[in-house]
Amino acid sequence: DQVLHIVPETIQQVQHLQLLCSTFMLDLWKPRLPEDIRAGEDLHIRVPAPLVQEVKDSLAQHMISYRVLIPDVQKLVDQSMPREKSSHREVSGGYIYTEYHPMEEIYQWMTQIQKNNSELVTQHILGKTFENRTMYYLQISQPSNKTKKIIWMDCGIHAREWISPAFCQWFVKEILQNYKTDPKISRFLQNLDFYVLPVLNIDGYIYSWEKDRLWRKSRSPYENGTCYGTDLNRNFNSSWGSVGVSFNCSSDVFCGSGPESEPETRAVAQFIKNKKSDILCYLTIHSYGQLILTPYGSTTKPPSNNEELMQVAKEAAAALKGKYGTSYRVGSTALILYSNSGSSRDWAHTIGIPLSYTFELRDTGTHGFVLPADQIQPTCEETM
Amino acid sequence: RAMELPPGHFPAARAAALAVGYLRYLRGGPSSGLQLRELRRARLQDIDDVGHKYYLELELEDVLDKDRTVSCTAEVLYQLGSKSSAPDVQLTVQGELRSTEEADQEFYNRIRSLEKELVAENIPDSHGNVPPELEPIHLLAWAASGYVIWQNSTENTKFHLAQVKHVKQVKRNDEDLQFDFVVLLHEMVSQEVLPWEVTLLWHPQRGARVPQSRAMGAGS
């Protein structure tokens, strides 16, 4: 199919074009109706492929000059369609990392990843959610005789922040795909283990797929089942309940009935407490905002190792910006965002994990929580 | 007498979000949408018996044409103790964005000639997609939300449009286009997602106006 651009010069030409349109039932793009065709004004018509030659002959016969505006309409349509499959066919048999996946598929992905990379990856149970779903984390660990320090990363503590679990999956894929060839990654793995929890708030995540895309909290019931969900990132035992929270279950920052009242919180806290002397860095991934946040949320008094925390964060932000120019702001939650208490990141730091960060991924509000899937790749690449 | 504020900290960031909301309302249309690229500078003046006045220097870009930027100086006055009146915003924009006259007119003609009134929901959808023919509606929703954000912001709030839940065109006897929106606004400090009903009138020459808006009841 082609689209032709014609500027009729005379009334006769206008009439002939109107006749052509109705005879061949041509698709008028501009103007919309044949009766609006005017001498001296732009005309755009789409001509179906089998008729192209005949129409052009007719135009030539009537001395009507034309220009081919679009030589191949189908090609243009194909180009403007989102690519169905990314060119990245990845490390676990065709899993598409540039799309958002429901929880069922993430569970399957974890099993596959371990199966395909068993020399490096083991899958472990962390605990259970309120609705009794199993929480798994992946341990990426290169066999060696030295004990290694741990970097912990959790994603999806807030249900609606879909880019976060997408990042955890991407991260795992990148490590596994490149550890043999990328000297930085291979050095990392010689000295460190990665523990990745792809979805912390599984119940909430599923709820955001099935019922309410903008749900944030867990799904534990309160007040006789009239009200649901605790903000898991207000439920940890760090100045719990002091600031930036609500004690009303219907609030999106409801901190629960007490510190660690939620099974998901307990599962994470217990594990991290047990391993804390080996954990070097605690990362928790959120969206949106493009921020690297340091402790604390409950006070503007800086943590003891603030200089180190800030320096590392600033270097991270610079490296991130170097990829696609995306700007990330760096600083404590209390100064950059708002006051809050009971966050996992603050708790991790107070129990002694020195490098503790919250990442708020893209964007800054244009799409907010509903970040288009075509931004998964650049977001993840720059954050790596 | 005006104190310099770190642009990266939340007081300035909240005032900037408000200024951008207001600007989106003033300049909003179906063919362009302004977003904040950077808050360059912020100062705060505490005016006795009046309120807090923020002086902001912003750099904005057009979402449809990201290489083009304009600068904007804004004065945002949050009035003391006033729960019922909107912050006062004064803006000066320097620089010009590309002309949207032709695109606006085409959109206007397209909508006017629809036989059935336009209805749509969930813009963007759960995966962040907006069909191209709904992008102008999305941008008009930004203008409509800009009004609500301006009218309802305080120093303790930061609003963004999270999603357009529903939109319905209403045919009119006069020359305006009318769209009745249900928009979901995300408020950063409380983390709440608040549904608002907003009616938007738009005309290629007269621009956007909101004759009415109201917060919807709890539970969407």
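**Two chains, question by question**

Q: In chain B, what share of the contacts between residues at least 6 apart in sequence join residues at least 24 apart?
A: A contact here means heavy atoms within 4.5 Å. Taking the pairs in chain B that are at least 6 apart in sequence, the share joining residues at least 24 apart is 58%.

Before going on, a word on the ground rules. This is a predicted model, where local features need pLDDT of at least 70 and side-chain atom pairs count only at pLDDT 80 or more, while totals for chains, interfaces and linings use all residues. Residues are numbered from 1 along each chain as its sequence is written, chains are lettered from A and ligands numbered from 1 in the order in which they are written, and side-chain values use heavy atoms, with hydrogens and water left out.

Q: What is the share for chain A, counting contacts with a separation of 6 or more?
A: The pairs to look for in chain A are residues 24 or more positions apart. They account for 71%.

Q: Which pattern does chain B follow along the sequence?
A: Helices (H or I, at least four residues) and strands (E, at least two) are DSSP runs, numbered from the N terminus. Chain B has 3 helices and 10 strands. Read in order, they give β-α-β-β-β-β-α-β-α-β-β-β-β.

Q: What radius of gyration does chain B have?
A: The radius is taken over C-alpha atoms, and the globule rule is 2.2 Å times the number of residues to the power 0.38. For 220 residues the rule gives 17 Å, and chain B comes close to that, so it is as compact as a globular protein of that length, with a radius of gyration of 18 Å.

Q: And what is the radius of gyration of chain A?
A: Chain A has 12 helices and 14 strands, and its C-alpha atoms fill a box of roughly 85 × 50 × 40 Å along the principal axes. A compact globule of 384 residues would come out near 21 Å, but chain A has 28 Å.

Q: How much of chain A is buried?
A: Buried means under 20% relative accessible area, exposed over 50%, and partly exposed in between (1.4 Å probe, protein chains only). In chain B, buried residues make up 52% of the 220. Of the 384 residues in chain A, the buried part is 56%.

Q: Where is Asp180(B), and is it buried, exposed or partly exposed?
A: Asp180(B) belongs to strand E8 (residues 177–187) of chain B. Leaving out residues up to four places away in sequence, it touches His166(B), Val170(B) and Thr199(B), among others. Its relative accessible area is 23%, so Asp180(B) counts as partly exposed.

Q: How far apart are the C-alpha atoms of Asp180(B) and Val170(B)?
A: Along the chain these two sit 10 residues apart. Between their C-alpha atoms the separation is 7.1 Å.

Q: What is phi of Asn122(B)?
A: Asn122(B) is in strand E6 (residues 119–123) of chain B, and it is partly exposed at 30% relative accessible area. Its phi is positive although the residue is not glycine, with a value near 50°.
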